Amino acid sequence: LEAAMIKGPVYVTAEHDFLWADTATGQMTLQGTYVEAGWWLTGEGRRYNAGTGGLVPVAPRRSVQDGGFGAVAIVARYDHVDLTNQNLGTRAGRVDAVSVGVSWMPVDYVTFRLAASQNRYSGPNVGNNGAAQVIMARAQLSF
């Protein structure tokens with residue numbers, strides 16, 4: 001299940017996934033969810049392409065190679081993953097994560113992201129409960 005809301009430079013996307021599978025030892029059901037909201041401070045915006053049924057990649061209004069700063073967004077995100085399946089003895093547990101960060105596209109097809117995340121874990125494989133604070137850096141080339 002997917003959803004998106006776009007209003008100029010502000011967007012919200014969400015997705016919930018289910019995995020149902022028949023295995024040699026029984027049926028498995030796993031699931032995950034995310035909700036992401038962002039604001040393109042430099043005025044860019046996401047667009048929806050009805051022909052492909054997907055979002056069009058963002059392109060900087062004024063890239064670094066054109067003398068501009070590129071595209072900059074602030075982003076907040078919530079993730080939930082449930083890998084618990086009692087029927088199969090899969091008890092990897094659950095993870096909930098909240099993150100905030102910045103995304104910078106200096107030119108088309110190149111993105112750099114930096115985010116801070118607070119993660120909570122529950123389940124027998126992590127000592128029942130746990131937490132982690134994470135700083136994530138990402139460089140991405142799209143083609």
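Select Met5, Val10, Trp39, Leu41, Ile74, Val102, Leu114 and Ile135: together they make a nonpolar surface patch of about 710 Å². Keep in mind that the model is predicted.

Stay with one of these residues, Val10, which is found in strand S2, residues 10–23.

Next, go to the largest pocket, with a volume of about 430 Å³. To centre the view there, select Arg46, Pro57, Val58, Arg113 and Gln140, the closest to its centre of the 20 residues that line this pocket. Then colour the strands S3 (26–40), S6 (71–85), S7 (90–105), S8 (110–123) and S9 (128–141); each supplies at least two residues of the lining of the largest pocket. S8 gives the largest share of that lining, 3 residues. By type, the lining of the largest pocket has 11 nonpolar, 4 polar and 5 charged residues.

Now move to the second largest pocket, whose volume is about 340 Å³. Select Arg77, Ser99, Arg113, Ala115 and Met136, which lie nearest the centre of this pocket among its 17 lining residues. Two or more residues of this lining come from each of S6, S7, S8 and S9. Coloured by type, the lining of the second largest pocket shows 8 nonpolar, 4 polar and 5 charged residues.

Terms used: Residues numbered from 1 in each chain as written. Predicted model: local features only at pLDDT ≥ 70, side-chain atom pairs only at ≥ 80, totals over all residues. Heavy atoms only, no water. Patch = residues over 30% accessible without salt bridge, like charges linked within 9 Å, V, L, I, M, F, W, Y side chains within 5 Å. Areas by Shrake-Rupley, 256 points an atom, 1.4 Å probe, with all protein chains shown as cover. Salt bridge = Lys/Arg side-chain N within 4 Å of Asp/Glu carboxyl O. Helix = DSSP H or I, 4+ residues; strand = E, 2+ residues; numbered from the N terminus. 1 Å grid on protein atoms, 1.4 Å probe; cavity = no way out; pocket = protein on both sides within 12 Å on 5 of 7 lines; lining within 4 Å. Points joined across faces, edges and corners; volume = space filled by probe spheres on them. Nonpolar A, V, L, I, M, F, W, Y, C, P; charged D, E, K, R; others polar.
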